[in-house]
Amino acid sequence: MNMMLTNNIHHLETHEARPILECYGFNTLPTWIALDAVEAVHIAEQIGYPVAVKLRSPDIRHKSDIHGVVLHLRTAAEVETAAQAIFDRAAMLYPTARINGLLVQRMADRSGAQELRIDVHNDPIFGPVILMGEDNAHWDIHRDAAVGIPPLNMALARYMVIDALKTGKIKQRSALEKIDVPALCNLLVKISQLIINCPEIKALNIHPLLISGSDLTVLDASMDIQSFSGDKQKRLAIRPYPKEYEENCVLKDGQTLLLRPILPEDEPLHKTFMSKVSVEDLYKRFFSDVGELNHEALAKFTQIDYDREMAFVAVAPNANINPDTNEKEDVVLGVARALSDPKNHDAEFAILVRSDMKGLGLGSILMDKLVRYSKQRGLQYLTGMTMPSNRGMIHLAEKVGFSIDVQLEDGIVEMLLPLLDKKDS
């Protein structure tokens, strides 16, 4: 991509974008370049019929303007006639346009398949946004597209796809092969990762995406690229998952846990975790009876903006949750949160440990993780609030160096920890 920018190339057509897409696991159609009608016939004879021929021109962005795409060509005569007609129309309607030949592709099997369109635009406020809908000639992003904001994971991509289906942006047609939702979600996640990793991509257009069940094939794609410098994460509305904060820790009983930022996919794990915390401990954490948390409440805990809020989960990987069946899965044993103010001056913290995990040092581990994170963020203070009866949290805070202000009349204890050394303040 940098080499193309060095050569002053800022727009990539299908054959140029294809290697980039394939690096991210996209299924694409092989594409050949023909400089004239005779060469187009020769390529078609080699790859087999039926074929499609498509205009190549950096000056004619919408091929439909000159009927610059002709499909289902089944003979050499049809290919030669269609190719020459494209050249003639381009010369007549755009006499000064640069014409770089034709793309020749073998026709994909469209039987039972549906055609979708996926675009990536750079919004001046939200940064890159992913748009998805059905492929049609009168595409209107405000009317026809479901919208997602990177970074997407499988959970967020599913919300985007389900929303598109519910609102009619995408229609499940009985005559066509039913769309495989997880496969489409996986493709959206790949697009999200491509955009995150490559800030040089100003715009991406996949038009169309052929989808038949779990088979997804990019038939045509184009990219607009430009040079980029600076922090590539700051251009995103939501900060990507900060993998750099992952680390292992060891409890007093020798058990090794993974400390990592929370993920939207943790919602079922978080629900199980909350069910293992006693009513008394939940009351001390939330100052009220919590009851069973619904999806909306759990989503607020697990779908966070890493730029303003952080939640670290202590996870026992592949824990044996059912000795009888030897069933294993990740288990959340504790959570620590820090929510900073808009000026990044101070953050309010909270720590919750599963009630059957007390006495193993997990609270201290989570507190240490929060303090280190807050210092790294450049925060000046870490604050918290608990109840006078929560002696465990008060003792832990005192041990770390928090100042404790017990307000018995209000039934609260305020905790404050300065994070900057005197020489830094």
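**Backbone, salt bridges and surface charge in a predicted model**

His72 lies in strand 4. Its phi is near 55°, a positive value in a residue other than glycine. At 42% relative accessibility, His72 counts as partly exposed. The model that contains this residue is predicted.

A positive phi also occurs at Phe287, where the angle is near 65°. Phe287 is not glycine either. Its place is in a loop, between helix 9 (279–286) and helix 10 (295–302). The relative accessible area of Phe287 is 31%, so the residue is partly exposed.

Two peptide bonds to proline were examined next. The bond from Tyr49 to Pro50 is cis, with omega near -5°. Pro50 sits in the loop between helix 3 (37–47) and strand 3. His207 and Pro208 are likewise joined by a cis peptide bond. Here omega is about 10°. Pro208 belongs to strand 9, which covers residues 201–212.

At the level of the whole chain, the secondary structure comprises 12 helices and 19 strands. The radius of gyration is 28 Å, well over the 22 Å that the globule rule gives for 425 residues, so the chain is more spread out than a compact globule. The C-alpha trace spans about 90 × 55 × 40 Å along the principal axes. Of the 425 residues, 47% count as buried.

Leu184 is 27 residues away from Ala157 along the chain. The C-alpha atoms of Ala157 and Leu184 are separated by 8.4 Å.

Charge pairing was considered next. Side chains of opposite charge can pair when their charged atoms come close. The count for this model comes to 17 salt bridges, with a cut-off of 4 Å between nitrogen and oxygen.

One of these pairs is formed by the side chains of Asp59 and Arg98, at 3.0 Å from N to O. Asp59 lies in the loop between strand 3 (51–55) and strand 4 (69–73). Arg98 lies in the loop between helix 4 (76–93) and strand 5 (102–106). The pair therefore ties together parts that are 39 residues apart in sequence. Asp59 is partly exposed, with a relative accessible area of 33%.

Glu247 forms a salt bridge with Arg372. The closest N and O atoms of this pair are 3.2 Å apart. Glu247 lies in strand 12 (residues 247–250) and Arg372 in helix 11 (residues 362–376), so the bridge ties together parts that are 125 residues apart in sequence. Both partners count as partly exposed. The relative accessible area is 25% for Glu247. For Arg372 the relative accessibility is 37%.

Glu309 forms a salt bridge with Arg337. In this pair the closest N and O atoms are 3.7 Å apart. Glu309 is in strand 14 (residues 309–322) and Arg337 in strand 15 (residues 327–340), so the contact ties together parts that are 28 residues apart in sequence. Arg337 has a relative accessibility of 9% and therefore counts as buried.

Glu409, one of the four, is found in the loop between strand 18 (403–407) and strand 19 (412–418). Its relative accessible area is 83%. This is over the 50% cut-off, so Glu409 counts as exposed.

Note on methods:
Residues are numbered from 1 along each chain as its sequence is written. This is a predicted model: local features need pLDDT of at least 70, side-chain atom pairs count only at pLDDT 80 or more; totals for chains, interfaces and linings use all residues. Side-chain values use heavy atoms; hydrogens and water are left out. Helices (H or I, at least four residues) and strands (E, at least two) are DSSP runs, numbered from the N terminus. Buried means under 20% relative accessible area, exposed over 50%, partly exposed in between (1.4 Å probe, protein chains only). The radius of gyration is taken over C-alpha atoms; the globule rule is 2.2 Å times the number of residues to the power 0.38.
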